[in-house]
Amino acid sequence: MELTPDEIERYRRHILLPEIGGAGQQRLKSARVLVIGAGGLGAPVLEYLAAAGVGTLGIVDDDVVSLSNLQRQVIHDTGTVGAAKTASARAAIARLNPTIRVLDYEERFSLPWARSHLPRFDLLIDGSDNFDTRYAAADAAAEARIPLVTGAVGRFDGSLTVLMPYAAAPDGTANPHYRDLFPEKPPEGLIPSCAETGVIGALTGVIGTLMAMEAIKLITGIGDPLVGRLLLYDSLTARFDTIRYKRRPVETGKA
């Protein structure tokens, strides 16, 4: 997809980077990315990917904007309270970059839903706030054989990783699944939600922006994505840590 003169000017700071250049910007323009959730994590992801020139952005979210969202979900504003988050996000993206095609789905993400819609995308980003959706996103992306960028936040800390279990690492070993990192969903009620414990608003911006950066790396083919690595961030100490994880051996049962 060739860049127009206006796009060359808009993305000039990208094109000046030898690692991206015109070819990388064309890959961004051709990319089709589905984002789960237009909330705390989805907001910066959508804004930075739209600003970066990702040509098609899908948004799946069945919620509406509430006043308590605005402390962290910066893609929305006071005037959109009560509106569908997908519609509010679509309007904000149009103001930021009218060249972006937005597909909004005012629905809840699930594995059956993904089987009908995910084939039209080549990257999935999970900014959801519940374990059911996170596991469904991991299963859907693995089944569709597309990368998944997934992140989470709680109170003052956050994490993110990239999953490509259908592919192999440079040394030939199979990349890990989501369940190699989190084998089972925690029991209902064990981990309280942000609505119960609170979350610092700027934290979602930090983790969401890092998720957008991982997406740009995957689309343009630069750098080393967080495959097999869980990045942890503690906002109170301004500390980043990385945990490596691998594919678990398959247990064979006795006949």
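Mentor: Let us start with the overall build. This is a predicted model, and its chain has 10 helices and eight strands.

Trainee: What radius of gyration would a compact globule with 255 residues have, and what does the chain have?

Mentor: A compact globule with 255 residues would have a radius of gyration near 18 Å, and the chain agrees with this, as its own value is 18 Å. Along the principal axes, the C-alpha atoms fill a box of roughly 65 × 45 × 40 Å.

Trainee: What percentage of the residues count as buried?

Mentor: A residue is called buried when its relative accessible area is under 20%. In this chain, 47% of the 255 residues count as buried.

Trainee: How many aromatic pairs does the model contain?

Mentor: Two rings are taken as a pair if their centres lie within 6.5 Å. The count comes to five aromatic pairs. In one of them, the ring centres of Tyr-135 and Tyr-178 are 5.0 Å apart and the planes stand at 85°, so this pair is edge-to-face, the term for planes over 60 degrees apart.

Trainee: Which parts of the chain does the pair of Tyr-135 and Tyr-178 tie together?

Mentor: Tyr-135 belongs to helix α7 (residues 131-144) and Tyr-178 to helix α8 (residues 178-181), so the pair ties together parts that are 43 residues apart in sequence. Tyr-178 also pairs with Phe-182: their ring centres are 5.3 Å apart and their planes at 55°, so that pair is tilted.

Trainee: Are Tyr-135 and Tyr-178 buried or exposed?

Mentor: Tyr-135 is buried because its relative accessible area is 4%. Tyr-178, with 7%, is buried as well. Phe-182 counts as partly exposed, because its relative accessibility is 32%.

Trainee: Which residues form an aromatic cluster?

Mentor: Tyr-105, Phe-109 and Trp-113 form one such cluster. A ring may also have a charge over it: the charged end of Arg-134 sits over the ring of Phe-131, 5.0 Å from the ring centre.

Definitions and conventions:
Residues are numbered from 1 along each chain as its sequence is written. This is a predicted model: local features need pLDDT of at least 70, side-chain atom pairs count only at pLDDT 80 or more; totals for chains, interfaces and linings use all residues. Side-chain values use heavy atoms; hydrogens and water are left out. Rings of Phe, Tyr and Trp (its six-membered ring) pair if their centres lie within 6.5 Å; planes under 30 degrees apart count as stacked, over 60 as edge-to-face and the rest as tilted. Helices (H or I, at least four residues) and strands (E, at least two) are DSSP runs, numbered from the N terminus. Buried means under 20% relative accessible area, exposed over 50%, partly exposed in between (1.4 Å probe, protein chains only). A charge sits over a ring if NZ of Lys or CZ of Arg is within 6 Å of the ring centre and within 35 degrees of the ring normal. The radius of gyration is taken over C-alpha atoms; the globule rule is 2.2 Å times the number of residues to the power 0.38.
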